[in-house]
Number of protein chains: 2
Amino acid sequence: MLSTITIKNRVSIGIVGFGAFGRLMARHLAPFFALRAYDPRLSAGGAGDISPVVSCTLREVAQCGIVIIATPAAAIESVVKALAPHLRPATLVLDVGSVKVAPAEIMRRHLPEHVDIVATHPLFGPESAKNGIRGLKIAVCPLRGRRGPEVGAFLKKCLGLDVLFAAAEDHDSEVAFVQGLTHVIGRLLGDFELSPMRFTTRSFELLLEATDLVRHDAPEVVDAILGANPYVQEVRQQFFRAASRLEAELTQRHRGGAFSRDRAAAEHDTPPSEPAR
Amino acid sequence: MLSTITIKNRVSIGIVGFGAFGRLMARHLAPFFALRAYDPRLSAGGAGDISPVVSCTLREVAQCGIVIIATPAAAIESVVKALAPHLRPATLVLDVGSVKVAPAEIMRRHLPEHVDIVATHPLFGPESAKNGIRGLKIAVCPLRGRRGPEVGAFLKKCLGLDVLFAAAEDHDSEVAFVQGLTHVIGRLLGDFELSPMRFTTRSFELLLEATDLVRHDAPEVVDAILGANPYVQEVRQQFFRAASRLEAELTQRHRGGAFSRDRAAAEHDTPPSEPAR
């Protein structure tokens, strides 16, 4: 297991891209690994104290036994190409993006044959992981080499995550619904001034809680979810078609104004004005 | 307080309309009151055992000290007109519908001057009250007479509800957002086959939980929420306008297909391919 190796030898993990998710990851990996990070914002000195993570060059990060790519999905190709010439044999390369099909194809194509590749998608972010990550889900897609089970065992036993192995295509086709719908609805509710309200229902409170969790996601994350997933366009189209149909139906049904009594009374099974017995 | 009167004298409550909400109400009121109900479905004998509630005629129900109208909002006018000639002086009449402006106007207009009127909206239903009603919200709009505080005290002290006094207009303008958005989104998600999913996020689980709570609401309840609220049309229009805008924005932004790397990479602050130091 990674953790055994780690505790004995302090295997180094190099993180490329030290944004909100890179930092969250570093907090949970720090007990097990020596951590290095490369991010242009770190070298510019604007990131504050990041200890125990050590800010490095991309080349230094590439020398670690494990390299985790935590950049926006859209930057993966350039990062992978830049890393490739510096990776040593038997390095384990992982990513943590919200989509898996396109990054998997890019990593397979541009990373040298002598490295192992495991794509992952932690199904949580800084907001949903506020109270810890135990029990939260992570998708794991082994792409090259035999280290998938080892990665899964570490995530499960050391971090307490619920590890779901999957092919990249199966992952993307399902999260197209899960994250696509969540983010579309989150964006739509963002259009309203919704708090504070007095007359809330439990259902409404859950809806606000759901959208609050994604409201602060970085724009690159939202781009990946709503654009870079090959299955999401169909989900978006289905949602907006349903919205058009519902708009037409409601306009038609309630065109009588605020309180169209006769029609509604005629449609529903309502008590008649005379007692039945 | 109602409860004191009740326990001593077994005040009778007459419920008009014994649907899902009438039954929920009866369960919670039974320890305090003698209960009668009028519903055409009851007299037709198709309702099964409803004890301790006694099935009565509309005229018998009208003779109770307290009468609660629990019919669909659209049927209120005919029910109120049918009840009016049979109500005794000092009867307390309440309703429990999801909208308040139109029913308030109808009750004020058609109920005799000698009865007291308090409109209410319990902000929960059979689904959200599954594990009890303590702590759940109820809006109370006193319309005629001085019995609003008494009703509020009973609901708070005997049923444990969170009592929110309000004018009918303030209630409707706020729940137009709360229930309007919840039901529109519930209807839209109803268009998708969403379970069982493996790769769910916390946000998605909350979204499903939110819509599950309203998924089984009676069509008359949904009609009241999405049609009979004088403020809901504006909320619906704002929602569908936001949907059109978002659809256009996402189509434009992601028209490059699944993984439009160059554009996204150029927009975001991504690590360059050369180490910065």
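User: Which conventions apply here, and at what pLDDT do side-chain atom pairs count?
Analyst: Residues are numbered from 1 along each chain as its sequence is written, and side-chain values use heavy atoms, with hydrogens and water left out. As this is a predicted model, local features need pLDDT of at least 70, totals for chains, interfaces and linings use all residues, and side-chain atom pairs count only at pLDDT 80 or more.

User: What kind of pair do B:Phe21 and B:Phe124 form?
Analyst: Their ring centres are 6.1 Å apart. The planes of B:Phe21 and B:Phe124 stand at 45 degrees, so the pair is tilted.

User: Are B:Phe21 and B:Phe124 buried or exposed?
Analyst: Buried means under 20% relative accessible area, exposed over 50%, and partly exposed in between (1.4 Å probe, protein chains only). By that scale, B:Phe21 and B:Phe124 are both buried.

User: What is the geometry of the B:Phe239 and B:Phe240 pair?
Analyst: Both of these residues, B:Phe239 and B:Phe240, are buried. Their rings are 5.5 Å centre to centre with 85 degrees between the planes, and the pair is edge-to-face.

User: Which residues do ring pairs link into a cluster in chain A?
Analyst: Chain A has 277 residues, and buried ones make up 58% of them. The cluster linked by ring pairs consists of A:Phe32, A:Phe33 and A:Phe154.

Technical notes:
Chains are lettered from A and ligands numbered from 1 in the order in which they are written. Rings of Phe, Tyr and Trp (its six-membered ring) pair if their centres lie within 6.5 Å; planes under 30 degrees apart count as stacked, over 60 as edge-to-face and the rest as tilted.
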